[in-house]
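Dear colleague,

I am handing over the structure we spoke about, with some notes on its backbone and its strands. Please read them with the model open beside you.

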Amino acid sequence: MKIAIYPGSFDPVTKGHLDILKTAAGIFDKVIIAVARNSEKHGFLPVDVRVDLIKQSVKDLANVEVDYFEGLTINYAREKGATVLIRGLRAVSDFEYEMQLSQANSALAEEVKTVFLTTKPKYNFISSSTIKEIYLNNGDISKFVPEPVNEYLKNTYKC
Ligand code: ADP
């Protein structure tokens, strides 16, 4: 059984993330999308809310699990019996950081391989930070995020 981890901040999860996730779910037996809890980084949404919004957004994907973790991604991958990390690439600007990260992970855990995926062009420019910027300036984010995220931000989150 090939298990892949899709780690990230997902603050909040976007249609770009979901597109990557769906592709990964079609390739691997099981994909765990996992929110990285970083105690030093102050997030937009609390980790439990991010996890819950992802859960609501991936209900129709049978081989996808949703979780969160703290600490090194490779330790979490080992704990879950995963040998693949999924990362997304949008533009050349992502490449340098993602390359460094995958090489660092590979130096720490040779058996864990990083697989890079891309989205459909229509989701390529979407990032969580762009979404936050649009949302905080009262723009319409419904095209860029799954419905549960749109609903949550519309009804619950107060800025
Ligand atoms: P992180 O803080 O770990 O970069 P993100 O939630 O911002 O977490 O992103 C998780 C992963 O998804 C990263 O590899 C990022 O490049 C990728 N990603 C995010 N949005 C897109 C998108 N629209 N197209 C392709 N990959 C994406």
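Helices, of at least four residues, and strands, of at least two, are DSSP runs numbered from the N terminus, and with that naming Phe10 falls in the loop between β1 and α1. Please keep in mind that this is a predicted model.

Phe10 has a phi near 45°, which is a positive value in a residue other than glycine. Is Phe10 buried or exposed? With a relative accessible area of 2%, Phe10 is buried, because buried means under 20%. Pro12 is also placed in the loop between β1 (3–8) and α1 (15–27), and the peptide bond that leads from Asp11 to Pro12 is cis, its omega being near 0°.

A positive phi is also found at Asn138, where the value is near 65°, again in a residue other than glycine. Asn138 belongs to the loop between α5 (128–136) and α6 (147–155), and its relative accessibility of 73% places Asn138 among the exposed residues, because exposed means over 50%.

Turning to the strands, β4 (residues 84–88) and β5 (residues 113–117) run parallel and are joined by 5 bridges; within this pairing, Leu85 stands opposite Thr114 in β5. Together with helix α4 (residues 92–108), strands β4 and β5 form a β-α-β unit that is right-handed.

Note on methods:
Residues are numbered from 1 along each chain as its sequence is written. This is a predicted model: local features need pLDDT of at least 70, side-chain atom pairs count only at pLDDT 80 or more; totals for chains, interfaces and linings use all residues. Side-chain values use heavy atoms; hydrogens and water are left out. Buried means under 20% relative accessible area, exposed over 50%, partly exposed in between (1.4 Å probe, protein chains only). Two strands pair if DSSP finds at least two bridges between them. A crossover is right-handed if, with the strands pointing away from the viewer, the path from the first strand over the helix to the second runs clockwise.
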